[in-house]
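Here is a protein chain to look at with some care.

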Amino acid sequence: MKYMNDPRPAGSLGSAPVRLDSLGLKAESSAPGFRGPVPIFRLAAWLALAALTLSGAQARQAPPETRTSSYTIQVKLLPEERLLEGNQVVEWRNATGKPAGELWFHLYWNAWLNNRSTWLREDSLRSRPRSSLRNPRAGDWSYSRVESLKVEAGGPFRESDRTSAMYFASPDDGNRDDRTVLVVPLERPVQPGETIKVSIGWKAKVPRTFARTGFRGNFFFIAHWFPKLGVFQTDGSWNCHQFHAATEFFSDYGSYDVRMTVPTGWRVGATGVELGVIENDGGTSTHRYQQDDVHDFVWTTSPDYREVRRRFDHPGLKSVDIRLLYQPEHQGQVDRHFRATEEALKYYGLWFGEYPYGHLTVVDPAWRSGARGMEYPTLYTCGTRYFNPFGGGAPEGVTIHEAGHQFWYGVVGNNEFEHAWLDEGINTFATARVFEVAYGKRSPVYRFFRGYFPVMVPEIQAGRIQNSRRHRFLAVARGEIQATPTYLYHPSSAGATSYTKTALWLLALERRLGWDVLKRILSTFFENSLYRHPGPGDFFQVANRVSGQDLGPFFEQVFHRDKVFDYGVESVSSVKVETRGYVDKDGQFLLLAEAPDSQDSETTSVLYETTVLLRRLGDGILPQDVLLRFEDGEEFRTRWDGKHPWKLYRLVKPSRLDYAAVDPELTNPLDIDFTNNSRRLEPQANLPATKWALKWLIWLQDYLQTLLALV
């Protein structure tokens, strides 16, 4: 589809954007917010700062074959109009063996152009749609409109205006109303090894945040905001999916040189390092940021930000300059944000591989801005509240998780549209492990008075299984096959399938293979995938090779099938052994009476016959550890292959059974029902009831005493 509803005639969509050199410092630049030539002393200062900042900015560079895209962007924010005006030059190299006759671009913000977009249609399928919670108003919608697109002359290409040739595509669902994918036919194909340069002029209306990007008052978080190339694949096709409600992103590695013009006095945080600031006429300032070997660029600005900088140093790991942009009301949580970030950099670095960039920006977004908990290269957002008791898991948990995405997503660039579990699942697993090592267990926090007043319950301790969000997995244990491309998941089950299910089966592998083995699997996968686009097969091959085992049957069940695991103890009994019938006594068979009191106590010791019946209630099959503990303290341990629907154990012991358990150490956290994993011979339901009744009485007594003091 061509662009519609534009009153201007074809060919009058605006002039070509200003051409930029490699540094973007031409004196005649007419980028938004620039006025006249750049003074020579400012130019010298910029270059000096760039040299100082970029030296040592990266420990390792991406291999040349993975660097295919570079963006030089100039953008101006008009905060009152909620508008971005931008020009950009995109250089793209065809690194495949196939010619490319078209260029495919993402225009993500058109997901909120109107309610007929694929994103909003899919979002309505959630049990609690994100969009409806925000009550869209007239000024909340957004758009991304390319006003001009030209191929620049150079090499085999001649200058050509391709604006009128552009059209929208809907490769995933055929929704003709979706405008999140823009296709640009070329006059001549880009041959293997060739580089094409394209100039684009565009405008974008900033949405009130639907999903992480947008504005809230004078807070702006600008993500997925510019026309962005898809990924050209070795088969000669473009991997450029529509924007879906249940997926995130995928793009190639490259370089970004971005100049952002905002009101003077507004702080800016962005991907990369700041090379300088120019004060313009009219009360605006232009901030320039640059970063190599990343696959996205994001920025944020607000006059309310406060800033603190610290340096992370740990033996054997690269030093990292950390910049925290926080909200003034959260000043008391500054140290907590830094500590959580440093714990992530330390443990992820020691376990998997070091963070390769020398800088990191941590953003505390505005309250209810919808921008919390999201990862971008060298920058991520956290999320906290004014009242947030330590020990409840926030903001520590979200901070560790998003910092962890600098590893699993940042430098291991999987396709999140199709295999989001490769970053979200691995990172959820790693988050829970780092949190427990660094902080121990967490306690639940319940909030009252519209979420403002927190009450933490320290008596309840949540460990790694709970911190892996197991409760979400239980609701979707059956239904989604993880091998299905992520964008085809039902929106209500996508998160649990990508995040939680992966984290749980990784935890199952850790408890069966051992942490040292799993750590080597993950670190090897990390090393092999730096600045690349790994797929599921790459991970499975590494897991088999490093473990020295064929893990195919396991992955077949948890990844390629929707097998459900549920093993339980169906019944237990321990009864005194009573011999009835004939017995051998002094070489003669004597018939014993049927009555128990007729037993010969002098010749028969007291024995108990214990019977335990185990059941496989699901169709998932894994070997199970079995524990039988007796009242005299003796334990019987064995291993059941778990294949048959049931297993019976019968033992004769001089003591009665205390309890029986299948998988007593919970080595399979994918089991959907832990409550049936064990059974006592004598139920003791009164113990927890008594415990909690006493606690509630104490709380009630404290409450009444407080009321009495106020009378």
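Q: Which residues line the largest cavity?
A: In this predicted model, the largest cavity is lined by H224, K228, F249, F250, S251, H295, D296, Y409, V412, G413, N414 and E416. About 70 Å³ of space lies within that cavity, and its lining divides into four nonpolar, five polar and three charged residues.

Q: What makes a space count as a cavity, and how many cavities of 30 Å³ or more are there?
A: A cavity is a set of points where a 1.4 Å probe fits but cannot get out. By this rule, with 30 Å³ or more required, the count comes to three cavities.

Q: How much space lies in the second largest pocket, and which residues are closest to its centre?
A: The second largest pocket holds about 630 Å³ of space, and of the 27 residues that line this pocket, the closest to its centre are V231, T234, D252, R532 and H533. Its lining draws at least two residues from each of β2 (83-93), β12 (231-232), α7 (416-419), α12 (515-529) and α13 (536-547). By class, the lining of the second largest pocket has nine nonpolar, 12 polar and six charged residues.

Q: Which residues make the contact of α8 with α11?
A: On the side of α8 the contact is made by W421, E424, G425, I426, T428, F429 and R433, and on the side of α11 by S498, Y499, T502, A503, W505, L506, L507 and E510. Sorted by class, the contact of α8 with α11 has eight nonpolar, four polar and three charged residues.

Q: Why is α8 also called oblique to α13?
A: α8 and α13 pack at an angle of about 45 degrees, with their axes 11 Å apart. Under 35 degrees the pair would count as roughly parallel, and roughly perpendicular begins at 65, so the angle makes α8 oblique to α13. In this contact W421, L422 and I426 of α8 meet P536, F539 and F540 of α13, and the residues divide into six nonpolar, no polar and no charged.

Q: What makes α5 oblique to α8?
A: Helix α5 (residues 396-404) and α8 pack at an angle of about 130 degrees, with their axes 9 Å apart. Roughly perpendicular ends at 115 degrees and roughly antiparallel needs an angle over 145, which means that α5 is oblique to α8. The crossing in which α5 passes α8 is right-handed.

Q: Which residues form the contact of α5 with α8?
A: From α5 the contact takes E396, G397, I400, H401 and G404, while from α8 it takes E424, N427, T428, T431, V434, F435 and Y439. These divide into four nonpolar, six polar and two charged residues.

Q: How do you know which peptide bond is cis, and where is P395 found?
A: The bond that joins A394 and P395 is a cis peptide bond, with omega about 5 degrees. P395 is found in the loop between β23 (379-381) and α5.

Q: What is phi of R212, and where is R212 found?
A: Phi of R212 is near 80 degrees, a positive value in a residue other than glycine. R212 is found in the loop between β8 (195-205) and β9 (214-216).

Conventions. Residues are numbered from 1 along each chain as its sequence is written. This is a predicted model: local features need pLDDT of at least 70, side-chain atom pairs count only at pLDDT 80 or more; totals for chains, interfaces and linings use all residues. Side-chain values use heavy atoms; hydrogens and water are left out. Contact means heavy atoms within 4.5 Å. Helices (H or I, at least four residues) and strands (E, at least two) are DSSP runs, numbered from the N terminus. Ala, Val, Leu, Ile, Met, Phe, Trp, Tyr, Cys and Pro count as nonpolar, Asp, Glu, Lys and Arg as charged, and the others, Gly among them, as polar. On a 1 Å grid over the protein atoms alone, a cavity is a set of points where a 1.4 Å probe fits but cannot get out, and a pocket is an open set with protein on both sides within 12 Å along at least five of seven lines; lining residues have an atom within 4 Å of a point. Grid points are joined across faces, edges and corners, and a volume is the space filled by probe spheres set on the points. Axes are lines fitted to C-alpha atoms, for helices over the stretch in contact, and angles run from 0 to 180 degrees between N-to-C directions. A crossing is left-handed if the near helix is turned anticlockwise from the far one by less than a right angle, and right-handed if clockwise.
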